[in-house]
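I opened the model today and kept notes as I went. The entries follow the order in which I looked things up.

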Amino acid sequence: MTTDTLLSFEESLEKFDPAMGLEVHVELNTNSKMFCGCPTEFGAEPNTQVCPTCLGLPGAMPVVNRIAVESAMRIGLALNCEIAEWCRFARKNYFYPDMPKNFQTSQYDEPIAFDGYMDVNVPTEDGGIEVVRVEIERAHMEEDTGKSLHVGGATGRIHGAVHSLVDYNRAGIPLIEIVTRPIMGTRENAPAVAKAYVAQLRELIVALGVSDARMDQGSIRADVNLSLAPAGTGALGTRTETKNVNSLRSVERAVRFEMQRHAAILDSGGSILQETRHWHEDTGVTTSGREKSDAEDYRYFPEPDLVPVAPSREWVEELRGTLPENPTVKRARLQGEWGFSDLEMRDTIGAGAFGLVEETIEAGASPQIARKWWLSELARRANDTGTDIAELGVSPADVVAVQALIDAGSLNDKLARQVFEGLYAAEGTPAEIVAKRGLAIVSDDGALSAAVDNAIAANPDVADKIRDGKVAAAGALIGAVMKQMRGQADAGRVRELILEKLT
Amino acid sequence: MTTTVRNTAAEMAQALADGTVTSVQLTELHLERIAAVDGAVHAFLHVDHEGALAQAAASDARRAAGETLSPLDGVPIAVKDVLTTEGLPTTCGSKILEGWVPPYDATVVARLRAAGLPILGKTNMDEFAMGSSTEHSAYGPTHNPWDLDRIPGGSGGGSAAAVAAFEAPLAIGTDTGGSIRQPGAVTGTVGVKPTYGGVSRYGLVALANSLDQAGPVTRTVLDSALLHDIIGGHDPRDSTSIDQPWPSFTDAARAGATGDMTGVKIGVITELTGEGWQDGVMARFQESIDLLVKAGAEVVEVSCPSFVHALAAYYLILPAEASSNLAKFDAMRYGLRVVPEGDPSAEDVMRATRDAGFGDEVKRRIILGTYALSSGYYDAYYGQAQKVRTLISRDFEAAFEQVDVLVSPTAPTTAFKLGEKLDDPIAMYLNDLATIPANLAGVPGISVPSGLADEDGLPAGFQILAPALADERLYRVGAALESLLTQEWGAPLLDKAPALALRDGSSLASTGTESETR
């Protein structure tokens, strides 16, 4: 692996303008696959969810999953796209061992949805929110491939592997690929725009209920196309396509990395090789994949085993009626309902926690409590560990459960943090973690009384002050008791006991 | 009356119903016949003795219990090796699928089983149905029962020869550019290509998906109709299958057998007759026309000018689709696997397997199709071919506004000699000139024996084409012509076929095949 030279982000912006194109693959949560009746459940034993069709056995034929078409149209409509009156599937021909037919049944020049846009709320450096309109070129239907596991090579890639295992459970899972037009003029905000677009698209997918939308499980995968052109020219340079960028944070980092890498090459008089690049989550760099400079010829032609998809306008309008609220409108409405200030709102969105806060409030927490946990403890954790906040292992329901334990007097904020630690480590539900870790607050007078006696004995000066009527000094004794009890004492009861004993 | 392998399927069905023969006896008769003559004919790639007899026994048990599944329950059948059969090898005539046993039945096969027809085995074919002579089978050619030195047509030469040699009363074929009809013509049998979408393609290993159609291969028009009624109809597993009820083809064939053609308007396709067509073939064609006129039909000449481009369009569309269909044969999941020396990659294994597993004709068409679909050539080749296809459909539409059915000789010549055209693919392709337009337009067609050509004494075929969805017209006109010709001949055409030498030790003398030795 070569180490690429990078230009600083600032210098790359002085000399070049970035243009981005984002391709997001959404795995639908239909019960059956795109072209056959096989189940789609994630994590099943390899090669147990297969049939002649998704294994590409000779003679087998595809049949289009109507629910998948419906999901594709709903995504298209939510992205303000036109819905095709008539479109076909096509075969994308290339040889690859994890592709059962050695062609992928996809859509080529007749996508189901096209010409749309999404208004993306981008948190800016100066603390505001900028609305950037990202134009959607198309959203089309296709099938996923199988999943290869390359055994024996140093890199985990097919090159150098001793042998490979293929799981075809994923082959034929319906995918919607959403492709943007080139996103220009975003300058220093380019990484933030890319991240915000994918985050907002993910929220939209969640709201539509058409996918599990789990980036960590690959049910949303982003490919980042990036090119640079000399600043101010408005031209489009040669692009690279960075594949499988599988977290929001990585989207931002991959854009930034490729900007800096391209800038260094161009600045030293070199030229960019049009190619596919792989993103490495651990090291935060991209490396060269297969070259695409010959523009691979996929020999697309209409899939002769399928009839055209021709959704009636009535069907389209019926689906339009099922769309969730426009995210921008919804954001303004919820800000009012929650009573958040502009700054609080921006921080919530900036932390990627808008949907999580919303779900937490829906699950029963007050807006301020929801914001408190997601934007302090949980946002800090996400930041410290470089994890997406949605993927910490803490669900909105967990937050509500923790807060309920606090409200019941079983936990305090400090103990609650330990419960969250248990959740990060996947130790169980909040109640289970409290039990396992022995975190519950002690309010039993016997144990507390002994601790109070010890504290009085160890701090005779403080005890005297309280006896003299300086009740405020009780704080020091409470602190000593909490220390003895490792934080697991009911502070209010401790105070009462101290005052009973000394006044 | 003793039932023999020479009876029609309808007669066998009647004998089963009358209780004068059992399905096990019928099946044994055919298995014995196969044992006796298939060494010379080589119609079968795989014979399933045990399976066929078990299905026959089950049929007899049903009948004894007073239940039958269909009019053909208990009548055995042969299936072209391009349709998947659960538990029975399916090779498509290719080395690349040698030993593959599908885990599922094609819908056509499932319907045969559901109708109670014992499956005798799988019949020989040109590799992946590419050819007009069955010489491109990786397992050796099939021989024409009329002259063992001649081709039985193709790609379904095995099914046609099996029926012509009385090894099976019925067979299933598939027709992409004439692979049911042309073998029917050159073996003196009946073959039907239904309307595209009329019979499910699920489990039919695709040659060219937009052209392929499975259909009946039989000795009489009525037998084809009986079989078509069983295998046809909507299948939700095939998106291109037509979802509508079909009339009874059996009724249409019975109605046609009266021979009355009053009120029927027949169009002779100008472009599919004339120069370059064998004299004897044309003579038999004209005789058939004369008989139809005598029976009351009105005959006119109809021009379909775009048909002259059909062959060119076909040889772009077919290879294009085939090149993509055949990509799945890569040694990764099933079939042949050739592992080259050294430390081969997956791609090396794919390359070596495809090099060893595919024959020359298959490779030729993969190369043609890959080229035709290549970026920069797509519009000039595949795109243009699709336009020609539209023009051919329009010619059919215009013609069917004037006439009820269109007719032509099925093939320009009688059976040629094995090896004669093997080194001249264009000459081989030209044999399908008359059958290809129907596939490009999706309309149905039938080939009915029209007699023997004077110059070589070999069978010629009469093709009838109808509008899409109007398959019943094929049966009506086909059955009429068959009955008019049989009256002229005084016996079925196949009675004139030379006797095949029987293998020693066969017990056929007692099973009513006296015609073999007369």
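**Entry 1: a strand pair in chain A.** I started at Lys243(A), which stands opposite His278(A) in E12(A). This is a predicted model, where local features need pLDDT of at least 70, side-chain atom pairs count only at pLDDT 80 or more, and totals for chains, interfaces and linings use all residues. Residues are numbered from 1 along each chain as its sequence is written, and chains are lettered from A and ligands numbered from 1 in the order in which they are written.

Which way do strand E11 and strand E12 of chain A pair, parallel or antiparallel? Strand E11 (residues 240-245) and strand E12 (residues 275-280) of chain A pair in the parallel sense, over four bridges. Two strands pair if DSSP finds at least two bridges between them. Helices (H or I, at least four residues) and strands (E, at least two) are DSSP runs, numbered from the N terminus.

E11(A), helix H4 (residues 248-267) of chain A and E12(A) make a left-handed β-α-β unit. For the hand, I view with the strands pointing away from me: a path from the first strand over the helix to the second that runs clockwise is right-handed.

**Entry 2: an open sheet in chain A.** Three strands form an open sheet in the order E4-E3-E14 (chain A), and the pairing is antiparallel. Strand E4 (103-106) and strand E14 (301-302) of chain A are the edge strands, as each pairs on one side only. Strand E3 (residues 90-93) of chain A pairs with E14(A) over two bridges, in the antiparallel sense. I checked one bridge: Arg91(A) has Phe301(A) in E14(A) as its partner.

**Entry 3: chain A as a whole.** I noted 16 helices and 14 strands in chain A. Its C-alpha atoms fill a box of roughly 95 × 55 × 55 Å along the principal axes. Of its 503 residues, 43% are buried. A residue is buried if 20 or more other C-beta atoms lie within 10 Å of its own, exposed if 12 or fewer, and partly exposed in between, with C-beta atoms placed from the backbone.

For chain A it gives domain 1 (9-319), domain 2 (325-437) and domain 3 (445-502). How far apart are the C-alpha centres of domain 1 and domain 3 of chain A? They lie 62 Å apart.

**Entry 4: chain B as a whole.** Chain B has 16 helices and eleven strands. Its radius of gyration (taken over C-alpha atoms) is 22 Å. The C-alpha trace of chain B spans about 65 × 50 × 45 Å along its principal axes. Of the 518 residues, 62% count as buried.

Next I looked at contacts, where two residues count if their C-beta atoms, placed from the backbone, lie within 7 Å. Among contacts in chain B between residues at least 6 apart in sequence, 76% join residues at least 24 apart. For chain A, the share on that basis is 69%.

**Entry 5: where the chains touch.** I found 33 residues of chain B in contact with 25 residues of chain A. On the chain B side, the elements giving two or more residues are helix H10 (310-325), helix H11 (346-357) and helix H12 (360-373). H10(B) gives the most, with three residues. By class, this side has 16 nonpolar, ten polar and seven charged residues. Ala, Val, Leu, Ile, Met, Phe, Trp, Tyr, Cys and Pro count as nonpolar, Asp, Glu, Lys and Arg as charged, and the others, Gly among them, as polar.

**Entry 6: a covered helix.** How many residues of helix H7 (residues 221-231) of chain B are buried? I got eleven of its eleven. Asp223(B), His228(B) and Asp229(B) are among them. H7(B) is followed by Gly233(B), whose phi is positive, near 105°.

Entry 7: Ser23(B) sits in helix H2 (residues 23-41) of chain B. Why does Ser23(B) count as buried? Because it has 27 C-beta neighbours inside 10 Å. Leaving aside neighbours within four places in sequence, its contacts include Leu16(B), Ala56(B) and Pro118(B).

Ala499(B) lies in the segment after helix H16 (471-489) of chain B. With 13 other C-beta atoms within 10 Å, Ala499(B) is partly exposed. I read 45 Å between the C-alpha atoms of Ala499(B) and Val388(B), which are 111 residues apart along the chain.

Conventions: The radius of gyration is taken over C-alpha atoms; the globule rule is 2.2 Å times the number of residues to the power 0.38. Domain bounds come from an automatic or database domain assignment.
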